[in-house]
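Hi,

Here is the structure I said I would pass along. Have a look first, and then read my notes below.

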Amino acid sequence: MDRVTKLTSPSLVVLATLGVIAALYLLKAILIPIALALVLACMLNPLTTLLRRVLPLSPTGAAVVLFLLTVLCGLYVASLTAESLVQAANTLPADIERLSGRISHRINDMIRDHPSMRGILPEPGTIDLLGDANRAMVIDTLSIGLADLSIRVAQGFFILILVLFLLAESDMLTTKVIRFFAATPGDANAAARILGRLTSQIRNYLVARTIINLGLGIVLALSLWGLNVKFPFALGLFAGLMNFIPYVGQMIGGGLPTLITIGQSGSIGDALIVAAVYLAAVGIEGYIVTPFVMGRSLDMNGTTVLIACLFWGFLWGLVGLILAMPIAVTMKLVFQTVPELNRWAELMSLDWRTPGADDSALNLPPDSAPDAPGLPEPSTASSEAIRPGSSAPAGRH
């Protein structure tokens, strides 16, 4: 019976894991707004406390004031996005057509001057067809974006309403959650301390990451505006949002303004200047600002980061990619807080170690490995007996 239990336990764990993954995927229409609302509520909770200190407001009143301010900011961002999409729909197709025409004309000139390069360079007609296909794809994408904008605004409004209720009832919900998981008053006090410390760490990370990305977006927007690139503020906002996505997001955030610059001016030099400005801003953010503000609070190895991005990106798309790091950081902090889960936190971390863990056995040189238990140390005679080409000692068959 014990053997059957040992064999079925891993199977049950695998089935439970697959069930959770299926639920996350099938219920993403419900879970994504809840996840975004929880992130926003965690970030905005200190502002409600500040409003209550400055103004004679109740928790509900402070949450309502913050809700109205957030709605105004969201409507401004939505109007800026709509304006940029309309301008892009009017100008980008022409820029793509003009750029493909220039490339096709340049290839024609090179083939005419150097006939031997005909088999190396692509056909000019292929470039024209590619330009037409890309122009049609851009028009369709922008049209879909404009059509979906109203739906996204409605979803954002619903998320903000959920944030309003979370902020207004945060004290009550926190108490009920602690009582739900804690059986005794002592456990409740310990759970309250752990939850407060955990929430503070998660909030510090989210606020710091958001402020850094917002500053990066503003710097890039002003730089693109100074370089006379189209849609500077929309591109800066896009780059700041993409900076939430590790590795891939930075390439996308810098590639889009570079491509728009090429289509706008047709000059490789202007595109290289834009790319250099973006790389300089991202380099300063990554190597100076972020270590100074956040230190090594993340302490996550690259493998964990990539797996988290692949997992949540597959389940929830672009929103999953943006939420991948906050979710992974939250899980790691939870694993560090619960002693039984410390080994998972160590697996996700770069330098963090389980408290009290003995690493001496992991750093043994190859020649000093302990002998297998129950086996005597081999003698010289036995070593000679197993040497290739030697005969067995007398008396042993």
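To get your bearings, in which helix is Ile30 found? Ile30 sits in helix H2. Before I go on, please keep in mind that this is a predicted model.

**The overall picture**

The chain has 12 helices and zero strands, so if you read the elements from the N terminus on, you get α-α-α-α-α-α-α-α-α-α-α-α. There are 397 residues in the chain, and 29% of them count as buried. The chain exposes about 25300 Å², with carbon and sulfur atoms supplying 70% of that area. If you take the contacts between residues at least 6 apart in sequence, 66% of them join residues at least 24 apart.

**The surface patch around Ile30**

Back to Ile30: together with Tyr25, Leu26, Leu27, Ile34 and Leu38, Ile30 forms a nonpolar patch on the surface. The accessible area of the patch comes to about 590 Å². H1 and H2 each supply at least two of its residues, and H2 gives the most, with three.

**Aromatic rings**

The whole structure holds four aromatic pairs. In one of them, the ring centres of Tyr25 and Phe314 are 6.2 Å apart and the planes make an angle of 15 degrees, so this pair is stacked. Tyr25 is in helix H1 (residues 2-26) and Phe314 in helix H10 (residues 302-337), so the pair links parts of the chain that are 289 residues apart. Buried or exposed, what is Phe314? Phe314 is exposed, because its relative accessible area is 65%. Tyr25 counts as partly exposed, since its relative accessibility is 38%. There is also an aromatic cluster, made up of Phe311, Trp312 and Trp316.

As a reminder, nonpolar side chains in soluble globular proteins tend to be buried together. The largest nonpolar core here has 29 residues, and the members that touch the most others are Met300, Trp312 and Trp316. H2, helix H6 (185-226), H10 and H11 each put in at least two residues, and the largest share, 14 residues, is from H10. If you click on Trp316 and ignore its neighbours within four places in sequence, you will find contacts with Leu24, Lys28, Leu31, Ile32, Ala35, Leu323 and Ile327.

A second, separate core has 15 residues, among them Ala37, Phe67, Val71 and Leu167. Leu167 also shows up beside Thr48: again leaving aside neighbours within four places in sequence, Thr48 is in contact with Ala62, Ala63, Leu66 and Leu167. Thr48 lies in helix H2, residues 28-54, and counts as buried because its relative accessibility is 5%.

**The salt bridge**

How many salt bridges does the count come to? The count is one. In general, side chains of opposite charge can pair when their charged atoms come close. Here the partners are Glu285 and Arg209, whose closest N and O atoms are 2.6 Å apart. Glu285 lies in helix H9 (residues 268-294) and Arg209 in helix H6, so the bridge ties together parts that are 76 residues apart in sequence. Glu285 counts as buried because its relative accessibility is 6%, and Arg209 is buried too, with a relative accessible area of 11%.

**Some loop residues**

Most residues other than glycine have a negative phi. Two residues that go the other way are worth a click. Asn228 has a positive phi, near 60 degrees, and Phe231 has a positive phi of about 55 degrees. Asn228 lies in the loop between H6 and helix H7 (232-242), and Phe231 has its place in the loop between H6 and H7 as well. Asn228 is exposed, with a relative accessible area of 60%, whereas Phe231 counts as buried at 10% relative accessibility.

One more loop residue: Leu350 is in the loop between helix H11 (342-348) and helix H12 (380-385). Leu350 counts as partly exposed because its relative accessibility is 46%. Leu350 and Asn301 are 49 residues apart in sequence, but their C-alpha atoms are 4.7 Å apart in space.

Happy browsing!

Key
Residues numbered from 1 in each chain as written. Predicted model: local features only at pLDDT ≥ 70, side-chain atom pairs only at ≥ 80, totals over all residues. Heavy atoms only, no water. Helix = DSSP H or I, 4+ residues; strand = E, 2+ residues; numbered from the N terminus. Buried < 20%, exposed > 50% of the residue type's maximum accessible area, 1.4 Å probe, protein only. Contact = heavy atoms within 4.5 Å. Phe/Tyr/Trp six-rings, centres within 6.5 Å; stacked < 30°, edge-to-face > 60°. Patch = residues over 30% accessible without salt bridge, like charges linked within 9 Å, V, L, I, M, F, W, Y side chains within 5 Å. Areas by Shrake-Rupley, 256 points an atom, 1.4 Å probe, with all protein chains shown as cover. Salt bridge = Lys/Arg side-chain N within 4 Å of Asp/Glu carboxyl O. Core = buried A, V, L, I, M, F, W, Y, C linked by side-chain atoms within 4.5 Å.
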